[in-house]
Amino acid sequence: VTNLRKADDTYMKCSDIEKQLELFIPKGLAQTDKKENTGLIVGRSDKNVSTIIVAYRIDQETIDYAVSAQADMIISYEPIIEEPILTIGSTNYQGRLLLQLLRHDIACYATGSSFDKCKGGSADWLASRLELSGVYITEPQASYAGMEDTVCQSGKGRIGYYKKKKSLEELTDMICNLFSLEGINAYISKRDDGLTFSDVAVVVWADEKSIDAAMERGVQLIVTCGVSSKEAMKACSEHRAVLELPGETAAHIFETCVEQYLSEVLSSSIEILTIPMQRKSRFLKCRKE
């Protein structure tokens with residue numbers, strides 16, 4: 001990958017970082033039916049950048065961290081602006097966030113669902129960590145030019161297999177150890193208890209189309225970070241199982257993957273930071289008298 005740094009070796013232009021991100025996560029892969037807002041959403045393309053924050057979403061915690069780190073740019077999965085807005089002011093939450101970003105001259109770039117479809121994105125990353133063999137794309141979509149003009153195939157979801165079948169308990173233990181989780185949701189019919197699995201589908205955000213595509217290919221188990229109970233029950237009725245990781249796992253995948261990529265293609269003089277993960281929710285046990 002060509003290094004696009006400035007000659008003084010202390011910063012890069014925001015536009016140059018955009019080019020590097022486009023090689024990995026093309027904006028054109030985003031969901032066109034939902035008109036996702038991707039790319040540079042806030043800030044100047046000619047801005048000098050020396051410190052980058054990688055965060056799944058831009059909320060008050062993210063901005064506070066960026067300001068304290070004197071960051072020049074935030075790269076997120078979720079866009080700070082998803083729908084047209086008429087005013088930017090202090091009367092609403094989004095307006096206050098935008099005012100702070102503008103006041104501190106922090107540029108914001110969003111990848112959206114392009115990250116879930118690109119080569120090396122969320123689905124490939126999770127399939128790799130689960131040590132699946134023979135991985136291929138569940139729902140192939142457009143091809144695009146990637147690194148060094150290589151032709152890459154995009155698509156949502158991946159399917160792979162284990163040479164030696166694994167039980168639901170073995171897979172659960174593997175995933176919990178991988179992400180330091182206390183537990184995950186498992187959807188499986190009682191009549192299928194004790195099944196072992198070889199073919200596994202991975203889709204970070206599962207919808208009806210991705211569930212159907214996986215089942216049509218004979219997949220026995222679907223691993224996801226988000227699925228509706230309706231779709232999970234549908235899979236169970238077809239003698240499939242679904243493992244649902246906490247939604248915060250998707251944030252971990254995005255931040256880890258993008259940080260690693262930027263560390264490889266940008267100079268070490270560019271500081272790349274992620275916010276220490278803090279769970280936004282927790283389980284509370286009801287005290288019984």
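Biologist: Which side chain does Glu 208 meet in a salt bridge?

Modeller: In this model, which is predicted, the side chain of Glu 208 meets that of Lys 234 in a salt bridge, with 3.9 Å from N to O. The pair links distant parts of the chain, since Glu 208 is in helix H7 and Lys 234 is in helix H8 (residues 229-237), 26 residues apart.

Biologist: And how accessible are Glu 208 and Lys 234?

Modeller: Glu 208 is partly exposed, with a relative accessible area of 45%, and Lys 234 also counts as partly exposed, at 30% relative accessibility.

Biologist: What about Asp 207, which side chain does that one meet in a salt bridge?

Modeller: Asp 207 meets Lys 156 in a salt bridge, at 3.2 Å from N to O. Asp 207 lies in the loop between strand S10 (196-202) and helix H7 (208-216), while Lys 156 belongs to strand S8 (residues 151-167), so the pair ties together parts that are 51 residues apart in sequence.

Biologist: Are Asp 207 and Lys 156 buried or exposed?

Modeller: Asp 207 is partly exposed, with a relative accessible area of 33%, whereas Lys 156 counts as buried at 15% relative accessibility, because the cut-off for buried is under 20%.

Biologist: Staying with H7, which of its residues are buried?

Modeller: The buried residues in H7 are Ser 210, Ile 211, Ala 213, Ala 214 and Met 215.

Biologist: What do the buried residues of H7 pack against?

Modeller: They pack against strand S7 (133-145), S8, S10, strand S11 (221-224) and H8. Two of these elements have come up already, as S8 holds Lys 156 and H8 holds Lys 234.

Biologist: Which residue just after H7 takes a positive phi?

Modeller: That is Gly 218, where phi is about 80 degrees.

Biologist: Changing topic, how many salt bridges are there by this rule?

Modeller: The count comes to 10 salt bridges. One of them joins the side chains of Asp 72 and Lys 47, with 3.9 Å from N to O. Asp 72 lies in the loop between helix H2 (60-68) and strand S5 (73-76), and Lys 47 in the loop between strand S2 (39-42) and strand S3 (48-49), so this pair ties together parts that are 25 residues apart in sequence.

Biologist: Are Asp 72 and Lys 47 buried or exposed?

Modeller: Asp 72 is buried, with a relative accessible area of 13%, and Lys 47 is buried too, with a relative accessible area of 6%.

Biologist: What is the radius of gyration of the chain?

Modeller: The chain has 20 Å, which agrees with the value near 19 Å that a compact globule of 289 residues would have. Of those 289 residues, 48% count as buried. Among contacts between residues at least 6 apart in sequence, 65% join residues at least 24 apart.

Technical notes. Residues numbered from 1 in each chain as written. Predicted model: local features only at pLDDT ≥ 70, side-chain atom pairs only at ≥ 80, totals over all residues. Heavy atoms only, no water. Rg over C-alpha atoms; globule rule 2.2 N^0.38 Å. Buried < 20%, exposed > 50% of the residue type's maximum accessible area, 1.4 Å probe, protein only. Contact = heavy atoms within 4.5 Å. Salt bridge = Lys/Arg side-chain N within 4 Å of Asp/Glu carboxyl O. Helix = DSSP H or I, 4+ residues; strand = E, 2+ residues; numbered from the N terminus.
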